[in-house]
Amino acid sequence: MPKPECEEALDRLFEYIDHELPDEEIHRIGDHLKTCPPCEAEHQINEKIKRLVNRTGHDEAPDELRMRILATIRASRDVGATD
Ligand SMILES: [Zn+2]
């Protein structure tokens, strides 16, 4: 099970990336990401998805697209592909 601070960070990741949180929470989550590699990895993945989605011209990735991108990124990471 993830730690409570991990759950919070992952729960707020999209708002954090979009800067839609109060400064206090931005700082708290930012500090957590710096000290928690698994959460930082999720953060990087979601930043990447956001950039890909922006390129397609949609504001929001449909869940299906998001899952497909996540699966692709995770699969390439599992086989140790270089970025
Ligand atoms: Zn964490």
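Author: A residue is buried if 20 or more other C-beta atoms lie within 10 Å of its own, exposed if 12 or fewer, and partly exposed in between, with C-beta atoms placed from the backbone. The model is predicted: local features need pLDDT of at least 70, side-chain atom pairs count only at pLDDT 80 or more, and totals for chains, interfaces and linings use all residues. Residues are numbered from 1 along each chain as its sequence is written.

Reader: Is C36 buried, exposed or partly exposed?

Author: C36 is found in the loop between α3 (23-35) and α4 (37-56); helices are DSSP runs of H or I with at least four residues, numbered from the N terminus. Inside 10 Å, C36 has 18 C-beta neighbours, so C36 counts as partly exposed.

Reader: What distance separates the C-alpha atoms of C36 and C6?

Author: Along the chain, C36 and C6 are 30 residues apart. Their C-alpha atoms are separated by 8.1 Å.

Reader: What end-to-end distance does α5 have?

Author: The expected span of a helix is 1.5 Å times one less than its number of residues. Helix α5 (residues 63-78) has 16 residues and should therefore span 22 Å; its end C-alpha atoms agree, being apart by 22 Å.

Reader: Which element has the lowest mean pLDDT?

Author: pLDDT is the predictor's confidence in each residue, from 0 to 100. The mean for the protein chain is 84. Among its elements, α3 has the highest mean, 95, and the lowest, 78, belongs to α5.

Definitions and conventions
Helices (H or I, at least four residues) and strands (E, at least two) are DSSP runs, numbered from the N terminus.
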